[in-house]
Amino acid sequence: MKSGEVWGMLIVGLFWGATTPFLEQGSEGVEKVQARGFFNKAVAELRYILTRWRFVVPFLINQSASLVFYYLLGQAEISVAVPICNCVAFVITSMVEAYLHGRRPNMYTILGTALVLLGLFVSLRAATLK
């Protein structure tokens, strides 16, 4: 595995993780959209979120990272790329949400993050020993 691939995976995880809380914030209020029928409600909700820059900007960044992820899947092993990107995204999401809500991570968040990183280490170690 090349160094550039690993950096790409870390960047993808960083962008995915950092944008997830902002996507949630940007879509606040969508549940209050009123329309008759399933299709009309879906269109109204889509119009609602696509007209809010607080949703659109993180969405575009998130999807740009997804394009890089698909490129990386063609270059690296899927058994390596997916765990790295998803674990980094989880850890970053946890940190960004804590920061946005003005909270310090509690013991369970820290333990969960440590276990995720340990699991990533074990799976990557096993993949490199093959």
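## Gly-119 and helix α5

Gly-119 is found in helix α5, which covers residues 107–129, where helices (H or I, at least four residues) and strands (E, at least two) are DSSP runs numbered from the N terminus. At 36% relative accessibility, Gly-119 counts as partly exposed, on a scale where buried means under 20% relative accessible area, exposed over 50%, and partly exposed in between (1.4 Å probe, protein chains only). Gly-119 and Glu-5 are 114 residues apart in sequence, and their C-alpha atoms are 20 Å apart in space.

This is a predicted model, in which local features need pLDDT of at least 70 and side-chain atom pairs count only at pLDDT 80 or more, while totals for chains, interfaces and linings use all residues. Residues are numbered from 1 along each chain as its sequence is written, and side-chain values use heavy atoms, with hydrogens and water left out.

## Glu-5 in helix α1

Glu-5 lies in helix α1, residues 3–26, and with a relative accessibility of 11% it counts as buried. Not counting residues up to four places away in sequence, Glu-5 touches Leu-72, Gln-75 and Ala-76, a contact being heavy atoms within 4.5 Å.

## Overall form

The protein has five helices and zero strands, and from the N terminus on its elements run α-α-α-α-α. Its radius of gyration is 18 Å, well over the 14 Å that the globule rule gives for 130 residues, so the protein is more spread out than a compact globule; the radius is taken over C-alpha atoms, and the rule is 2.2 Å times the number of residues to the power 0.38. Along the principal axes, the C-alpha trace spans about 55 × 40 × 25 Å.

Buried residues make up 32% of the 130 residues. Among contacts between residues at least 6 apart in sequence, 71% join residues at least 24 apart. The protein exposes about 9100 Å², of which carbon and sulfur atoms supply 67%; accessible areas come from the Shrake-Rupley method with a 1.4 Å probe, and for residues only the protein chains shown count as cover.

Helix α2 holds 13 residues, 38–50, which at 1.5 Å a residue should span 18 Å, and its end C-alpha atoms are 18 Å apart, which agrees; the expected span is 1.5 Å times one less than the number of residues. The buried residues of α2 are Ala-44, Tyr-48 and Ile-49. Seen down the axis of α2, these buried residues fall within an arc of 125°, so they line one face of the helix, the arc being that of the directions from the helix axis to the C-beta atoms.

The buried residues of α2 pack against α3, residues 53–75, whereas Phe-39 and Arg-47, on the other side of α2, are exposed.

## Helix α4 and the cysteines

Asn-86 is found in helix α4, residues 78–100, and is partly exposed, with a relative accessible area of 40%. Asn-86 and Leu-46 are 40 residues apart in sequence and 26 Å apart in space, C-alpha to C-alpha.

The structure holds zero disulfides, a disulfide being a pair of cysteine sulfur atoms within 2.5 Å. Cys-85 is in no disulfide, and the nearest cysteine sulfur, that of Cys-87, is 9.6 Å away. Cys-87 is likewise in no disulfide. Cys-85 counts as buried at 0% relative accessibility, and Cys-87 also counts as buried, at 14%.
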